[in-house]
Amino acid sequence: MGLAAAVCAGGSAWLWVGRDRERRRTRAVLGGEVSAGPSVWQRARARVGGRLRYEWWALAGGVALGLLGESVLPLALGAAGVPLIRRVRRGRDARLEEERRATEVIALCGALAGEVRAGRQPGEALRTAAAGTGAGLGEARAGVLAAARFGGDVPGALEDAAREPGARGLVGLAACWRVAVDRGAGLAAGLERLEGALRVERDQRADLRAQLAGARSTAVMLAGLPVLGLLMGSALGAEPLRVLLHTGAGIGCLAVGGALEGAGVWWAMRIVRGAEER
């Protein structure tokens with residue numbers, strides 16, 4: 001067994017050294033950095049992360065603490081935390097989708113202005129710009145393109161598309177369309193001004209979000225201090241898990257502390273979200 005393990009270890013080391021030597025040789029020949037591609041660990045993590053949402057790690061942590069503390073209470077708390085974390089994740093995904101759609105609307109305004117200045121008719125320009133930018137039109141994309149192709153109510157279709165989160169800029173695009181097509185004003189100039197205004201608004205939101213990131217990180221760090229206290233207590237031999245999970249006073253302290261911890265995190269995040277909304 002020992003000889004087989006040694007042979008396997010030596011073979012693995014030889015393969016790794018050979019792979020690294022080939023990588024350095026290729027880098028020297030090509031004169032640049034060569035990407036080695038994702039490692040086995042990175043591929044496994046991406047595969048597991050794609051199938052297992054991170055809210056289930058709360059249940060896994062509850063199982064681990066339950067085994068360490070010899071109690072089912074951490075398992076119950078971990079199971080209760082799964083829907084809460086899922087709600088937070090879905091809110092984050094919704095915000096990311098909203099930001100993506102807002103960026104697509106800005107790109108649509110810029111591309112449409114370029115197509116109009118290139119001499120295309122507004123309907124044809126809208127179809128070309130929507131095809132090249134992803135449009136940000138969401139589920140109303142087909143209705144907008146149909147209205148542009150067959151001479152329908154394009155501003156109305158754009159206003160319908162603007163009801164989706166992140167697509168509020170399409171209201172301005174509809175207004176520019178009405179003024180330009182119905183009254184003969186310059187569509188490209190209005191679209192360029194609209195694009196600039198939407199871009200400035202997006203940059204302001206990003207700047208505000210960056211300024212509030214410190215407050216959010218501080219709240220999360222303070223929320224993790226009790227875990228640090230438990231680790232320090234375990235290192236000192238105080239057995240905090242046994243006290244918290246197997247004594248009446250410990251369970252009461254755990255309940256009160258958990259309630260205060262949750263209320264504090266909720267209040268801090270509410271303040272941050274309120275500042276972002278304003």
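## The loop between helices H10 and H11

In this predicted model, Glu-239 lies in the loop that connects helix H10 (225–235) with helix H11 (240–246). Glu-239 counts as partly exposed, because its relative accessibility is 45%.

## Salt bridges

Side chains of opposite charge can pair when their charged atoms come close. In this structure the count comes to 17 salt bridges. One of them joins Arg-205 to Glu-201, with 3.3 Å from N to O. Both residues belong to helix H9 (residues 187–223), where they are four residues apart, about one turn of the helix. Arg-205 is partly exposed at 32% relative accessibility, and Glu-201 is likewise partly exposed, at 37%.

Another salt bridge links Asp-203 and Arg-202, whose closest N and O atoms are 3.8 Å apart. Asp-203 has a relative accessible area of 42% and is therefore partly exposed; Arg-202, at 23% relative accessibility, also counts as partly exposed.

Arg-163 pairs with Asp-160, and here the closest N and O atoms are 3.4 Å apart. The two partners fall into separate accessibility classes: Arg-163 is exposed, with a relative accessible area of 70%, whereas Asp-160 is partly exposed at 40% relative accessibility. The cut-off that matters for this pair is 50%, because a residue counts as exposed over that value. Salt bridges also form a network, which links Glu-97, Arg-100, Arg-101, Glu-104 and Glu-164.

## The positive surface patch

Four arginines, Arg-87, Arg-95, Arg-270 and Arg-273, form a positive surface patch. Helix H4 (73–117) and helix H12 (248–277) each contribute at least two residues to this patch. Arg-87 is placed in helix H4. With a relative accessible area of 67%, Arg-87 is exposed.

Key. Residues numbered from 1 in each chain as written. Predicted model: local features only at pLDDT ≥ 70, side-chain atom pairs only at ≥ 80, totals over all residues. Heavy atoms only, no water. Patch = residues over 30% accessible without salt bridge, like charges linked within 9 Å, V, L, I, M, F, W, Y side chains within 5 Å. Areas by Shrake-Rupley, 256 points an atom, 1.4 Å probe, with all protein chains shown as cover. Salt bridge = Lys/Arg side-chain N within 4 Å of Asp/Glu carboxyl O. Lys, Arg positive; Asp, Glu negative; His and termini not counted. Charge placed at Lys NZ, Arg CZ, Asp CG, Glu CD. Buried < 20%, exposed > 50% of the residue type's maximum accessible area, 1.4 Å probe, protein only.
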